[in-house]
Amino acid sequence: MSNHRALTRFAMPVAMIAAAGLAGCGNQSSVDPELTATLIQPVARVEIQAVKIAPGSRTGEQIYKATCAACHEAGLVGAPKTGDAGDWGSRLAMGLDGLTASAIAGKGAMPPRGGGSDLTDTEVKRAVAFLANSAGASYTEPPVE
């Protein structure tokens with residue numbers, strides 16, 4: 001019997017501590033859920049907005065950056081490099097109209113209209129003027145109306 005008493009003396013306090021600990025489990029937290037949501041928001045947020053410009057109203061620089069730069073910046077597949085007068089020398093002799101006709105039809109690895117199938121003839125001319133002027137030409141880019 002003395003073992004039974006020792007076990008009871010030990011078990012009773014343990015059971016009381018466990019019961020006291022479990023008693024608080026059912027209480028609702030007093031934390032404001034809106035405050036919690038505010039505190040755990042990310043530090044930064046990225047938002048991407050596509051700006052759609054109507055065909056016909058794009059500048060030469062806009063077209064160059066969106067369509068032409070991928071090949072002409074690095075001179076890929078024989079494309080004359082942007083700003084390189086040596087690459088453009090013989091091409092500039094064709095004049096703005098000749099270069100524009102070549103760009104509209106496609107030349108070498110360059111597809112028609114430089115791959116910008118929605119480009120108007122005037123937009124191609126603007127892009128050609130912008131690109132050729134970077135290599136020393138003095139073409140007048142057709143105005144955006």
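Me: Which residues of H5 are buried?

Reply: A residue is called buried under 20% relative accessible area, exposed over 50% and partly exposed in between, using a 1.4 Å probe and protein chains only. In H5, the buried residues are Gly95, Leu96, Leu99, Thr100, Ser102 and Ala103. A helix here is a DSSP run of H or I with at least four residues, a strand is a run of E with at least two, and both are numbered from the N terminus. This is a predicted model, in which local features need pLDDT of at least 70, side-chain atom pairs count only at pLDDT 80 or more, and totals for chains, interfaces and linings use all residues. Residues are numbered from 1 along each chain as its sequence is written, and side-chain values use heavy atoms, with hydrogens and water left out.

Me: What covers the buried residues of H5?

Reply: The cover includes helix H4 (85-92) and H6. Just after H5 comes Gly106, whose phi is positive at about 95°.

Me: At what angle do H5 and H6 pack?

Reply: An axis is a line fitted to C-alpha atoms, for helices over the stretch in contact, and the angle between N-to-C directions runs from 0 to 180 degrees. For H5 and H6 the angle is about 120°, and the axes are 9 Å apart. The crossing of H5 with H6 is right-handed. A crossing is right-handed if the near helix is turned clockwise from the far one by less than a right angle, and left-handed if anticlockwise.

Me: Which residues of H5 and H6 make the contact?

Reply: Contact means heavy atoms within 4.5 Å. H5 supplies Leu96, Asp97, Leu99, Thr100, Ala103 and Ile104, while H6 supplies Asp121, Val124, Lys125, Val128, Ala129 and Ala132. By class, this contact of H5 with H6 holds eight nonpolar, one polar and three charged residues. Here Ala, Val, Leu, Ile, Met, Phe, Trp, Tyr, Cys and Pro count as nonpolar, Asp, Glu, Lys and Arg as charged, and the others, Gly among them, as polar.

Me: How do the axes of H3 and H6 cross?

Reply: Helix H3 (residues 60-72) and helix H6 (residues 121-133) have axes that come within 9 Å and cross at roughly 65°. That makes H3 roughly perpendicular to H6. The scale calls angles under 35 degrees roughly parallel, over 145 roughly antiparallel, 65 to 115 roughly perpendicular and the rest oblique. H3 also passes H6 in a right-handed crossing. On the H3 side the contact is made by Gly60, Glu61, Ile63, Tyr64, Cys68 and His72, and on the H6 side by Glu123, Arg126, Ala127, Phe130 and Leu131. Six nonpolar, two polar and three charged residues make up the contact of H3 with H6.

Me: How many salt bridges does a search of the whole structure find?

Reply: A salt bridge is a side-chain nitrogen of Lys or Arg within 4 Å of a carboxyl oxygen of Asp or Glu. The search finds five. One of them joins Arg58 to Asp118, with the closest N and O atoms 3.1 Å apart. Arg58 lies in the loop between helix H2 (33-39) and H3, and Asp118 in the loop between helix H5 (95-105) and H6, so this pair ties together parts that are 60 residues apart in sequence. Arg58 is buried at 13% relative accessibility, whereas Asp118 is partly exposed at 39%.

Me: Where do Glu61 and Lys65 lie?

Reply: An α-helix has 3.6 residues a turn, so residues three or four places apart point the same way. Glu61 and Lys65 are both in helix H3, four residues apart, about one turn of the helix. They form a salt bridge, with the closest N and O atoms 3.1 Å apart. Glu61 is partly exposed at 37% and Lys65 is exposed at 57%.

Me: Which side chain meets Asp97 in a salt bridge?

Reply: The partner is Lys125, at 2.8 Å from N to O. Asp97 is in helix H5 and Lys125 in helix H6, so the pair ties together parts that are 28 residues apart in sequence. Asp97 is exposed at 55% relative accessibility, while Lys125 is partly exposed at 24%. Elsewhere, salt bridges that share partners join Arg58, Asp118 and Glu123 into one network.

Me: Is His72 buried or exposed?

Reply: His72, in helix H3, is buried, with a relative accessible area of 9%. Apart from neighbours within four places in sequence, His72 contacts Tyr64, Ala79, Pro80, Lys81, Thr82, Trp88 and Leu131. Ala79 belongs to the loop between H3 and H4 and is buried at 15% relative accessibility.
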